[in-house]
Amino acid sequence: MGDRTYDLTIALGRVALRALDVTTRVRGAEHLPRTGPAVMASVHVGYPDFLFVGKAGLEQGRHVRFLCRHDIWHSPVAAPMTAMGHVPVDREAPAAAYLQARRLLRAGEVVCGFPEAGISWSYTVRSLMRGLPALARETGAPLVPVAVWGTQRMWSVGLPVDGRKPAPSLRRGRVVDVSFGEPMRVAPEDDLVTTTRRLGHVLTGLLEDLQQRPEHRPRPGERAVWHPAHLGGAAPDREAARAWDSVPRAALAPTWGPGTEPGGRARLR
(Lines give C-alpha, C1' and ligand atoms only; values in the text may rest on other atoms or scores of the structure.)
Protein backbone atom coordinates (compact mmCIF):
# COMPACT_ATOMS: atom_id res chain seq x y z
CA MET A 1 0.00 0.00 0.00
CA GLY A 2 1.14 3.61 -0.56
CA ASP A 3 3.31 3.93 2.52
CA ARG A 4 5.77 6.19 0.69
CA THR A 5 2.94 8.66 0.17
CA TYR A 6 1.94 8.14 3.80
CA ASP A 7 5.48 8.81 5.05
CA LEU A 8 5.80 11.93 2.88
CA THR A 9 2.48 13.25 4.18
CA ILE A 10 3.58 12.59 7.75
CA ALA A 11 6.82 14.47 7.16
CA LEU A 12 4.97 17.47 5.74
CA GLY A 13 2.52 17.36 8.64
CA ARG A 14 5.35 17.41 11.16
CA VAL A 15 6.82 20.49 9.50
CA ALA A 16 3.45 22.24 9.70
CA LEU A 17 2.94 21.31 13.36
CA ARG A 18 6.43 22.55 14.24
CA ALA A 19 5.72 25.82 12.44
CA LEU A 20 2.56 26.24 14.52
CA ASP A 21 4.35 25.10 17.70
CA VAL A 22 1.65 22.50 18.36
CA THR A 23 2.29 20.15 21.27
CA THR A 24 0.79 16.66 20.80
CA ARG A 25 0.46 14.48 23.88
CA VAL A 26 -0.49 10.82 23.56
CA ARG A 27 -1.64 8.55 26.35
CA GLY A 28 -2.40 4.85 26.19
CA ALA A 29 -0.84 4.21 22.77
CA GLU A 30 0.14 0.75 24.02
CA HIS A 31 -3.53 -0.24 23.69
CA LEU A 32 -3.10 -0.19 19.91
CA PRO A 33 -1.48 -3.51 18.92
CA ARG A 34 1.85 -3.24 17.10
CA THR A 35 0.89 -5.99 14.68
CA GLY A 36 -2.30 -7.42 13.28
CA PRO A 37 -5.68 -5.86 12.56
CA ALA A 38 -7.35 -3.29 14.80
CA VAL A 39 -10.45 -1.12 14.56
CA MET A 40 -10.06 2.36 16.04
CA ALA A 41 -13.21 4.32 16.97
CA SER A 42 -12.45 8.01 17.53
CA VAL A 43 -14.52 10.94 18.71
CA HIS A 44 -14.75 13.82 16.26
CA VAL A 45 -14.32 17.37 17.56
CA GLY A 46 -12.36 19.16 14.82
CA TYR A 47 -11.44 18.86 11.16
CA PRO A 48 -7.75 18.07 11.87
CA ASP A 49 -8.59 15.10 14.15
CA PHE A 50 -7.31 12.51 11.71
CA LEU A 51 -3.87 14.18 11.59
CA PHE A 52 -3.36 13.77 15.33
CA VAL A 53 -4.98 10.36 15.67
CA GLY A 54 -2.82 9.13 12.79
CA LYS A 55 0.27 10.69 14.38
CA ALA A 56 -0.55 8.91 17.64
CA GLY A 57 -0.79 5.59 15.80
CA LEU A 58 2.79 6.02 14.66
CA GLU A 59 3.92 5.61 18.28
CA GLN A 60 3.05 1.95 17.78
CA GLY A 61 4.56 1.87 14.30
CA ARG A 62 1.14 1.71 12.63
CA HIS A 63 -0.12 3.48 9.52
CA VAL A 64 -3.79 4.12 10.19
CA ARG A 65 -6.26 3.81 7.29
CA PHE A 66 -9.13 6.23 7.84
CA LEU A 67 -12.77 5.99 6.86
CA CYS A 68 -13.53 9.47 5.49
CA ARG A 69 -16.48 11.27 3.95
CA HIS A 70 -16.68 10.44 0.27
CA ASP A 71 -17.00 14.08 -0.84
CA ILE A 72 -13.30 14.57 0.05
CA TRP A 73 -12.57 12.38 -2.97
CA HIS A 74 -13.94 15.17 -5.20
CA SER A 75 -11.11 17.47 -4.12
CA PRO A 76 -7.41 17.74 -5.11
CA VAL A 77 -6.41 15.52 -2.16
CA ALA A 78 -8.20 12.48 -3.63
CA ALA A 79 -5.09 10.92 -5.20
CA PRO A 80 -2.92 10.94 -2.05
CA MET A 81 -5.88 9.83 0.10
CA THR A 82 -6.34 6.82 -2.14
CA ALA A 83 -2.61 6.10 -2.22
CA MET A 84 -2.50 6.15 1.58
CA GLY A 85 -5.20 3.49 1.77
CA HIS A 86 -7.95 5.66 3.20
CA VAL A 87 -11.55 4.66 2.45
CA PRO A 88 -14.35 6.93 1.15
CA VAL A 89 -17.67 6.55 2.97
CA ASP A 90 -21.01 7.49 1.44
CA ARG A 91 -23.24 7.82 4.50
CA GLU A 92 -26.32 7.06 2.40
CA ALA A 93 -24.79 3.87 0.99
CA PRO A 94 -21.99 2.71 3.31
CA ALA A 95 -21.80 -0.95 2.22
CA ALA A 96 -18.88 -0.44 -0.19
CA ALA A 97 -16.83 1.27 2.51
CA TYR A 98 -17.61 -1.53 4.96
CA LEU A 99 -16.41 -4.17 2.51
CA GLN A 100 -13.21 -2.26 1.75
CA ALA A 101 -12.51 -1.75 5.45
CA ARG A 102 -13.08 -5.46 6.05
CA ARG A 103 -10.52 -6.31 3.35
CA LEU A 104 -7.98 -4.02 5.00
CA LEU A 105 -8.54 -5.62 8.39
CA ARG A 106 -8.18 -9.10 6.98
CA ALA A 107 -4.86 -7.95 5.52
CA GLY A 108 -3.72 -6.98 9.03
CA GLU A 109 -4.21 -3.22 8.75
CA VAL A 110 -5.44 -0.66 11.30
CA VAL A 111 -8.72 0.99 10.28
CA CYS A 112 -10.02 4.08 12.06
CA GLY A 113 -13.45 5.64 11.76
CA PHE A 114 -15.46 8.36 13.44
CA PRO A 115 -18.63 6.57 14.59
CA GLU A 116 -20.42 9.89 15.21
CA ALA A 117 -20.32 10.36 11.41
CA GLY A 118 -19.58 14.06 11.84
CA ILE A 119 -18.35 16.65 14.31
CA SER A 120 -20.48 17.07 17.42
CA TRP A 121 -21.57 20.70 17.81
CA SER A 122 -21.98 20.17 21.56
CA TYR A 123 -18.52 18.60 21.94
CA THR A 124 -20.15 15.63 23.63
CA VAL A 125 -20.28 12.14 22.13
CA ARG A 126 -23.40 12.24 19.98
CA SER A 127 -25.35 9.40 18.29
CA LEU A 128 -23.13 6.55 17.08
CA MET A 129 -23.16 4.33 14.01
CA ARG A 130 -22.75 0.58 14.54
CA GLY A 131 -20.39 -0.08 11.61
CA LEU A 132 -17.12 -0.14 13.57
CA PRO A 133 -18.38 -2.56 16.23
CA ALA A 134 -19.75 -4.69 13.36
CA LEU A 135 -16.31 -4.78 11.72
CA ALA A 136 -14.68 -5.77 15.00
CA ARG A 137 -17.28 -8.49 15.56
CA GLU A 138 -16.94 -9.95 12.06
CA THR A 139 -13.13 -9.87 11.81
CA GLY A 140 -12.20 -10.52 15.44
CA ALA A 141 -10.06 -7.35 15.48
CA PRO A 142 -9.93 -5.43 18.78
CA LEU A 143 -12.07 -2.28 18.95
CA VAL A 144 -9.86 0.51 20.32
CA PRO A 145 -11.66 3.67 21.55
CA VAL A 146 -9.85 6.97 21.01
CA ALA A 147 -10.50 10.52 22.22
CA VAL A 148 -8.88 13.66 20.88
CA TRP A 149 -9.20 17.17 22.26
CA GLY A 150 -7.64 20.51 21.33
CA THR A 151 -8.23 20.30 17.58
CA GLN A 152 -11.57 22.08 17.98
CA ARG A 153 -9.61 25.27 18.71
CA MET A 154 -7.69 24.89 15.46
CA TRP A 155 -10.64 24.34 13.09
CA SER A 156 -14.11 23.03 13.78
CA VAL A 157 -17.79 23.64 13.26
CA GLY A 158 -19.48 26.89 14.23
CA LEU A 159 -22.15 29.31 13.12
CA PRO A 160 -21.24 31.62 10.23
CA VAL A 161 -20.09 35.14 11.13
CA ASP A 162 -20.88 37.78 8.50
CA GLY A 163 -21.84 34.95 6.18
CA ARG A 164 -18.50 33.16 6.58
CA LYS A 165 -17.94 29.77 8.13
CA PRO A 166 -15.26 29.46 10.82
CA ALA A 167 -11.77 29.52 9.31
CA PRO A 168 -8.71 27.59 10.50
CA SER A 169 -6.83 29.23 13.36
CA LEU A 170 -3.10 29.66 12.86
CA ARG A 171 -2.49 30.65 16.46
CA ARG A 172 0.72 29.12 17.76
CA GLY A 173 1.22 27.11 20.91
CA ARG A 174 -1.87 24.87 20.86
CA VAL A 175 -1.98 21.65 22.86
CA VAL A 176 -3.70 18.55 21.43
CA ASP A 177 -4.28 15.46 23.54
CA VAL A 178 -4.97 11.98 22.17
CA SER A 179 -6.04 9.21 24.54
CA PHE A 180 -6.44 5.52 23.71
CA GLY A 181 -8.74 3.35 25.80
CA GLU A 182 -8.35 -0.33 26.52
CA PRO A 183 -9.28 -2.54 23.55
CA MET A 184 -12.82 -3.86 23.52
CA ARG A 185 -13.28 -7.46 22.39
CA VAL A 186 -16.45 -8.00 20.39
CA ALA A 187 -17.43 -11.68 20.31
CA PRO A 188 -19.40 -13.17 17.38
CA GLU A 189 -22.49 -13.49 19.58
CA ASP A 190 -22.33 -9.94 21.00
CA ASP A 191 -25.25 -7.61 20.30
CA LEU A 192 -24.25 -4.55 18.26
CA VAL A 193 -26.62 -2.18 20.04
CA THR A 194 -25.24 -3.18 23.44
CA THR A 195 -21.65 -2.97 22.20
CA THR A 196 -22.19 0.43 20.59
CA ARG A 197 -23.73 1.78 23.79
CA ARG A 198 -20.76 0.49 25.74
CA LEU A 199 -18.47 2.23 23.25
CA GLY A 200 -20.41 5.47 23.76
CA HIS A 201 -19.84 5.35 27.51
CA VAL A 202 -16.13 4.59 27.10
CA LEU A 203 -15.62 7.40 24.57
CA THR A 204 -17.46 9.83 26.85
CA GLY A 205 -15.17 8.95 29.76
CA LEU A 206 -12.04 9.36 27.66
CA LEU A 207 -13.19 12.66 26.16
CA GLU A 208 -14.34 14.24 29.42
CA ASP A 209 -11.07 13.28 31.08
CA LEU A 210 -9.24 15.33 28.45
CA GLN A 211 -11.74 18.20 28.53
CA GLN A 212 -11.29 18.63 32.27
CA ARG A 213 -7.52 18.88 32.21
CA PRO A 214 -6.46 22.32 33.54
CA GLU A 215 -4.83 23.44 30.29
CA HIS A 216 -8.05 22.82 28.36
CA ARG A 217 -10.47 24.52 30.75
CA PRO A 218 -11.86 28.00 29.98
CA ARG A 219 -10.48 30.89 31.97
CA PRO A 220 -12.81 32.43 34.59
CA GLY A 221 -15.39 34.57 32.82
CA GLU A 222 -14.31 33.40 29.35
CA ARG A 223 -17.09 32.66 26.85
CA ALA A 224 -15.58 29.46 25.55
CA VAL A 225 -17.63 28.41 22.51
CA TRP A 226 -15.04 25.66 22.02
CA HIS A 227 -15.87 23.91 25.32
CA PRO A 228 -18.95 21.80 26.23
CA ALA A 229 -21.76 23.51 28.13
CA HIS A 230 -22.03 20.92 30.89
CA LEU A 231 -18.36 21.47 31.77
CA GLY A 232 -18.59 25.26 31.91
CA GLY A 233 -18.19 26.16 28.23
CA ALA A 234 -20.42 28.12 25.88
CA ALA A 235 -20.88 25.51 23.13
CA PRO A 236 -24.53 24.61 22.47
CA ASP A 237 -25.80 21.91 24.79
CA ARG A 238 -26.95 18.61 23.35
CA GLU A 239 -30.54 19.74 22.94
CA ALA A 240 -29.59 22.95 21.12
CA ALA A 241 -26.97 21.17 19.00
CA ARG A 242 -29.67 19.06 17.35
CA ALA A 243 -30.48 22.06 15.14
CA TRP A 244 -27.03 21.82 13.51
CA ASP A 245 -25.89 18.23 13.98
CA SER A 246 -26.36 16.22 10.80
CA VAL A 247 -26.87 12.72 12.17
CA PRO A 248 -27.58 9.67 9.96
CA ARG A 249 -30.97 8.09 10.56
CA ALA A 250 -29.35 4.75 11.38
CA ALA A 251 -27.30 6.17 14.26
CA LEU A 252 -27.96 4.92 17.77
CA ALA A 253 -29.27 7.65 20.12
CA PRO A 254 -27.08 8.34 23.18
CA THR A 255 -27.56 6.59 26.49
CA TRP A 256 -24.26 8.16 27.58
CA GLY A 257 -23.06 11.60 28.59
CA PRO A 258 -25.02 14.70 29.66
CA GLY A 259 -28.80 14.52 29.34
CA THR A 260 -29.01 10.86 30.29
CA GLU A 261 -30.01 9.31 33.58
CA PRO A 262 -27.42 7.41 35.66
CA GLY A 263 -29.02 4.16 34.53
CA GLY A 264 -28.28 5.02 30.91
CA ARG A 265 -31.74 6.05 29.68
CA ALA A 266 -32.38 9.27 27.82
CA ARG A 267 -33.76 11.90 30.19
CA LEU A 268 -37.33 12.87 29.34
CA ARG A 269 -38.08 16.59 28.94
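Two strands are taken as paired if DSSP finds at least two bridges between them, while strands (E, at least two residues) and helices (H or I, at least four) are DSSP runs numbered from the N terminus. The model is predicted, so that local features need pLDDT of at least 70 and side-chain atom pairs count only at pLDDT 80 or more, whereas totals for chains, interfaces and linings use all residues. Residues are numbered from 1 along each chain as its sequence is written, and side-chain values use heavy atoms, with hydrogens and water left out.

**View 1. Strand S1 beside strand S7 in the open sheet.** Arginine 25 has aspartate 177, in S7, as its bridge partner, and S1 and S7 (residues 175-180) pair in the parallel sense over five bridges. Both belong to an open sheet of seven strands with mixed pairing, in the order S1-S7-S6-S2-S5-S3-S4. Strands S1 (23-27) and S4 (87-89) stand at the edges with a single partner strand each, so one side of each is left without a neighbour in the sheet.

**View 2. Helix H4 against the sheet and helix H5.** Helix H4 (residues 95-106) lies across strands S2 (38-42), S3 (64-69), S4 and S5 (110-113), and runs at about 155 degrees to S4; axes here are lines fitted to C-alpha atoms, for helices over the stretch in contact, and angles run from 0 to 180 degrees between N-to-C directions. The axes of H4 and H5 (residues 131-139) come within 10 Å and cross at roughly 40 degrees. Residues of H4 including Tyr98, Ala101 and Leu105 meet residues of H5, among them Ala134 and Leu135, where contact means heavy atoms within 4.5 Å.

**View 3. Cysteine 68 and cysteine 112.** A search of the whole structure finds zero disulfides, a disulfide being a pair of cysteine sulfur atoms within 2.5 Å. The sulfur of cysteine 68 is 8.9 Å from the closest cysteine sulfur, in cysteine 112, which is too far for a bond. Cysteine 68 is buried, with a relative accessible area of 12%, and cysteine 112 is also buried, at 0%; buried means under 20% relative accessible area, exposed over 50%, and partly exposed in between (1.4 Å probe, protein chains only).

**View 4. Arginine 197 in helix H6.** Arginine 197 lies in helix H6 (residues 192-211) and is partly exposed, with a relative accessible area of 36%. Leaving aside its neighbours within four places in sequence, arginine 197 is in contact with Leu252, Thr255 and Trp256.
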